[in-house]
Amino acid sequence: MDLKFLVVDDSVTMRRIVINSLKNLGYENYVEAADGQEALAKLNADSEINFIITDWNMPNLSGLEFTKQVRGNPDSANIPILMVTTRGIKEDIVEALQAKVSNYVVKPFTPQILKEKIEQILENV
Amino acid sequence: MRELSTNMSSIFDKLNDLKNLFKFGEKIVPIIQSLIEFMKEIVPLLETINSSISDTANKMPQAANQISNVTNATELATTEILDIVDKITNIVVEVESRAKKALEDRERRARLYAKLRETVQGNGDALETIDELEAADAPTKDLEKTIAQLGEVKDNTHQITLSLQVQDITAQQLAAANHLIQSVHERLATLIADIDHSEIKDDIRSLDIDVPEGVDFDPKASYNKDASRQGEVDRILNQQNENKASQEEIDKLFS
């Protein structure tokens, strides 16, 4: 399966780190967005995007709201979403699950964790 | 006559009340005097408190700006580090590729030497020359070690990249601190506005905290590399996935 990632994070540093990690895992095809709003625009404009990695805390449109909107749109409802965030308390995780994220990673993450989560998600697609 | 008597009685009652009032006045006057003394002492103290609140409120925007500057500086520095790390990684990848190619060439040459030895079997001089040629390849004997070391450098540069996640996490902590300062500043400004001191009010109004709009952050963000944190997340994920039907349990978390 050819994967095209949409990496969403308001931190330039984090976007670069996620993208570097993806490249190390052999995934070279990606687009990036600085918040949920920009991510929605990119998602609507690019039908090849088939995997989303998003932060939670972002201006304009948070990762959680972005996830809800992606899930609410029949065209994008089935795209896997991996939430990568600093938020690690139980209530947050449950809230993210209720918004239908596919999996959840807490920052700081390791490439191994990222790899495992992507593979787990792809196994269930 | 009876009417006059009633009126006189009423006048005496009033005079009596007046007398009691003067007596009460005699008692209350020292208290009022003490109160005036107290006010004389407390007013300068209140002025000092006002001035102190004003000073504190005035310094808050500066503190908030300094925090914002720290975030910008660390982001800039992190980007520079990432650029350098990327350059190092690219060089390492290039050198590693050349080293691997050299290793393949050496292996090919070793196969050719073996073939050559078979061809010149019995010719002592030729065999000696082949041995000399093979010995000249000695510097390439450490290629495997070099490739392994380059791999280590690559892993380490990648580790540096990952450790730079600290920038995002501290930026969120600083944003939370800035938000707190902004809230305290707003409350102090309201408090000072309530005190009729137009000079201070104007000072406070002119010093707005410049916080970017729509900033969202996790106030509990922490740089914790302990693997048990992700383990806890996975445990909750598994628990929730196993109990998908149990919406009640999820609801309980929010009740």
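Trainee: How many bridges join strand 1 (residues 5-8) of chain A to strand 2 (residues 30-33) of chain A, and do these strands run parallel or antiparallel?

Mentor: Strands of a sheet pair through backbone hydrogen bonds, either parallel or antiparallel. Here 4 bridges join strand 1 to strand 2 of chain A, and the two run parallel. Phe5(A) has Tyr30(A) as its bridge partner, and Val7(A) has Glu32(A). Strands (E, at least two residues) and helices (H or I, at least four) are DSSP runs numbered from the N terminus; two strands pair if DSSP finds at least two bridges between them.

This is a predicted model, in which local features need pLDDT of at least 70, side-chain atom pairs count only at pLDDT 80 or more, and totals for chains, interfaces and linings use all residues. Residues are numbered from 1 along each chain as written, chains are lettered from A and ligands numbered from 1 in the order written, and side-chain values use heavy atoms, without hydrogens and water.

Trainee: In what order do the strands of chain A form the sheet?

Mentor: The 5 strands form an open sheet in the order 2-1-3-4-5, with parallel pairing. Strand 2 and strand 5 (103-106) of chain A each have a single partner strand, so one side of each lacks a neighbour in the sheet.

Trainee: At what angle do helix 2 (residues 36-45) and helix 3 (residues 63-72) of chain A pack?

Mentor: They pack at about 25 degrees, with axes 9 Å apart. Axes are lines fitted to C-alpha atoms over the stretch in contact, and angles run from 0 to 180 degrees between N-to-C directions. Helix 2 and helix 3 of chain A are therefore roughly parallel (under 35 degrees).

Terms used:
Parallel < 35°, antiparallel > 145°, perpendicular 65-115°, else oblique.
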